[in-house]
Amino acid sequence: MNYCLCGLLLGLGVSALGQTSKCPKCTGSVLDLNTKEPIESATVYLANKNKFTTTNREGEFFFENVCSDTIFLTFSSLGYRRKNVTVPLKEDRSTLYYLEEEVESLEDVQVVENTYKESKKSVIEKTIHSDIIDKFTTKNLGDVLKNVSGVSSLNTGNEIVKPIINGLHSSRIIIMNNDVKLQDQEWGIEHAPSIDVNAHESISVIKGAGVLEYGSDAIGGVVVLNPFHFEKKDTLFGKVITAGHSNGQGFSVNSDIYKTWSKGWYVKGQGRYKLSGDYSSPNYFLTNTSANSKSFSFTSGFKSYDLGFDLYYNFIDNEIGILRASHIGNISDLVNAINSNTPNFVDEFDYDIGFPRQKVSHHLAKIKVYKRINDHLLNFQYSFQRNNRLEFDNRLGERKEIPAIDLELDTHNAKLHFEYVDSGMITFDAGVSGMYQKNYPNPDTGIRRFIPDYQKWELGVHGITKVNFNNSTFLDMSARYDYHKIDAQKYYLKSRWSGLGYENDFSHFFIKNSRGSQIFTNPVFEANLFSYYIGLNHQHNKNNWTINYSRTNRFPNAAELFSDGLHHSAARIELGSLRIQNETSSRVAASYTYAGDKIKTSLDVFYAKIDNFIFIEPKTIEYTLRGAFPVWEYRQNDATLIGSDFTFTYTIDTKWEYENKISFIKGDNIELNQPLIDMPPFAAKNSIRYQFKKGNSNFNIGAESEFVARQNRFPNNNFEQFIPVADEYLLVDISTPPQSYHIVNIFADVQLKKINLQVNVNNLFNVKYRNYLNRLRYFADDLGRNIIIQIKYNF
């Protein structure tokens with residue numbers, strides 16, 4: 001009897017032990033509702049077992065062997081709201097919990113629960129935070145983005161800087177300014193984005209067309225300028241940054257002020273003024289490269305968990321001088337400039353902005369409202385933009401102050417977006433957007449309109465879903481439909497219309513003969529485009545793997561279709577083509593990152609095939625009343641691009657850190673069996689940094705080595721031209737890239753409580769060089785040594 005009882009008790013004990021070993025685990029992560037950043041040291045209470053734990057640096061918590069079908073959790077963290085949460089637990093479960101900020105007592109708290117594992121999307125994304133942005137207060141967006149491996153720039157001097165992502169730029173890159181797609185006539189290579197980087201908290205660079213929410217024309221990538229995240233508490237704070245630089249003898253002042261309330265209201269104002277005189281190369285001044293820039297932004301709104309709204313206004317006014325020596329009157333000037341080691345026009349230093357020059361103003365206004373419905377989010381946004389671009393040529397007499405190009409572009413955009421989260425491992429969001437755009441070229445310039453009057457309509461519908469297979473692996477899928485229509489009113493020279501064969505192929509666009517040598521036409525183009533994306537991400541310990549594939553389409557821009565005439569700031573005749581078709585990109589990319597305690601590394605690789613790749617190249621010479629100018633025509637062929645970006649960081653000890661960045665890209669026109677034009681050459685950066693901390697003080701000093709190789713792969717578009725002065729045919733070498741170069745930069749900064757002092761020296765050894773991707777390389781050397789001193793005061 002005793003043996004039986006003992007056996008029965010032993011059996012029950014073994015059974016109970018077996019059941020214990022099979023009890024599920026409860027794990028999860030605690031994140032900030034707005035920023036999606038992990039909350040460290042949050043308290044998690046499991047009422048079933050009367051146990052407490054805290055989250056680690058990644059916001060994660062763990063409970064083992066929780067033997068209950070239903071558990072009761074309570075979350076609390078200083079500055080956040082708290083609430084008891086009931087969670088079914090029949091198997092291992094990993095859950096994300098979003099906490100909303102609160103400054104009242106922890107007794108009055110709400111917890112937002114999402115029972116899916118949400119990680120970053122499977123796109124290749126890099127983020128530049130405010131501490132880096134603040135160091136570039138005197139620079140442009142393109143300069144800041146070059147901190148990301150694989151991003152370079154297409155320059156027209158020092159002030160006009162367009163970002164290049166994996167070899168692509170202009171209309172192939174979408175720039176999102178505070179969730180608004182920037183529309184500022186980005187088609188021109190000498191049209192810099194109308195952006196003040198000081199107005200943004202962080203900048204994300206997404207390589208490739210993986211984020212279809214923003215549009216399908218981002219074949220190269222997306223640049224997302226993120227606004228400041230406002231906390232719900234009663235506070236007033238801000239910062240002032242002043243800086244001066246030796247090259248150009250310029251200065252800038254930027255100021256931000258923030259006011260927030262615990263009830264959820266907020267307001268922010270930001271402004272910047274920048275002035276610079278003529279920049280200089282190592283041996284001479286770059287005459288007429290002065291610049292004057294003013295910008296202002298204002299944000300106000302209200303946010304709570306259930307609803308909120310945001311108002312945003314941004315204004316930028318830039319006046320930029322174009323190198324005087326680049327203003328050529330004829331092809332002889334171009335030949336002389338290319339063959340000379342010095343510019344054909346050099347003057348003393350000056351702050352005056354003469355001719356040629358650009359004056360660009362940009363207004364952006366937006367209102368956004370959101371409403372949460374059963375933890376699902378619905379938001380609506382309307383935005384308006386007005387971009388006015390004036391380009392002044394070196395005209396004489398009464399027309400001297402009349403711009404040669406005067407374009408005004410108005411853009412209205414509205415979008416509705418819905419995010420749905422189910423109770424399992426799947427999320428879904430969808431949206432619809434519409435755009436109306438009108439371009440008005442002022443006829444008072446007295447010059448044939450380079451870009452015609454046109455109206456443009458866009459309608460887009462997208463859907464995105466994420467499937468989480470487990471805690472470490474998820475799948476992204478998205479699809480998008482776009483409708484495009486452009487309706488232009490354009491005058492053509494009769495000789496051009498017939499010479500291009502348009503009178504037969506596009507006779508239905510003809511309206512009437514006008515003004516003797518011209519005809520009036522009404523070109524209208526429509527397109528229905530479908531794009532899709534799929535990506536897989538897997539994370540294991542400190543390793544992360546991503547692979548994705550996208551197939552996207554881009555509708556041609558107005559310049560590619562309609563440009564016709566002398567582009568004064570580019571000193572060339574540019575011809576669009578009514579035969580230009582939609583671009584189609586098929587791209588596969590993979591990325592690996594490792595984030596160890598001492599070593600961090602990242603490798604991105606991609607291959608893209610672009611059908612009907614649109615490019616512009618020189619074809620011939622055309623004689624005008626102003627002289628002879630090279631003619632550049634838009635064409636398209638099938639192309640391929642392949643490249644890789646590598647970043648390696650080694651923390652030697654608590655004070656020393658080393659970083660290496662390498663980028664390589666190869667672009668080919670596979671129909672013509674020749675390299676693509678304007679592909680970035682191989683580039684490598686190496687930097688070493690020393691950091692010392694004591695109390696509230698922080699000191700950094702370091703050096704950077706930047707090597708840019710010669711671009712040995714380029715299409716040969718050189719041609720011979722008869723030069724009357726020389727009475728012979730001479731080679732016009734507009735293709736051969738400059739030599740490789742190596743420059744060294746040094747930097748230092750010290751943080752003393754609320755004050756940060758920073759000193760940078762760029763091109764320390766005053767090296768003479770020319771950059772292949774600087775359009776002014778034909779006419780002058782690049783910048784010489786530049787010493788920048790900056791002071792930031794936080795209050």
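Asp678 sits in the loop that links β37 (674-675) to β38 (683-694); helices (H or I, at least four residues) and strands (E, at least two) are DSSP runs, numbered from the N terminus. This is a predicted model, in which local features need pLDDT of at least 70, side-chain atom pairs count only at pLDDT 80 or more, and totals for chains, interfaces and linings use all residues. Residues are numbered from 1 along each chain as its sequence is written, and side-chain values use heavy atoms, with hydrogens and water left out.

**Backbone exceptions**

Most residues other than glycine have a negative phi, and most peptide bonds are trans. Asp678 has a positive phi, near 60°, and is not a glycine. Asp678 is partly exposed, with a relative accessible area of 26%. The accessibility classes are buried (under 20% relative accessible area), exposed (over 50%) and partly exposed (in between), with a 1.4 Å probe and protein chains only.

Asn178, likewise not a glycine, has a positive phi of about 55°. Asn178 belongs to the loop between β12 (173-177) and β13 (180-181), and is buried, with a relative accessible area of 5%.

The peptide bond between Phe355 and Pro356 is cis, with omega about -5°. Pro356 is in the loop that runs between α4 (331-339) and β21 (357-373).

| Residue | Phi | Relative accessible area |
|---|---|---|
| Asn178 | Asn178: about 55° | Asn178: 5% |
| Asp678 | Asp678: near 60° | Asp678: 26% |

Two strands pair if DSSP finds at least two bridges between them. β36 (residues 656-669) pairs with β38 in the antiparallel sense over eight bridges, and in this pairing Asn660 has Asn686 of β38 as its bridge partner. β36 is also antiparallel to β37, joined by two bridges; here Asn669 stands opposite Gln674 of β37. β36 and β37 form a hairpin with four residues between them. Asn673, in the turn of this hairpin, has a positive phi of about 55°.

**Sheet around Asn178**

β12 and β13, the strands on either side of the Asn178 loop, belong to an open sheet of five strands with mixed pairing, in the order β9-β14-β15-β12-β13. Its edge strands are β9 (124-128) and β13, each of which pairs on one side only. β12 runs parallel to β15 (residues 221-226), and five bridges join the two. Within this pairing, Val224 in β15 is the bridge partner of Met176. In a regular strand the side chains alternate between the two faces of the sheet.
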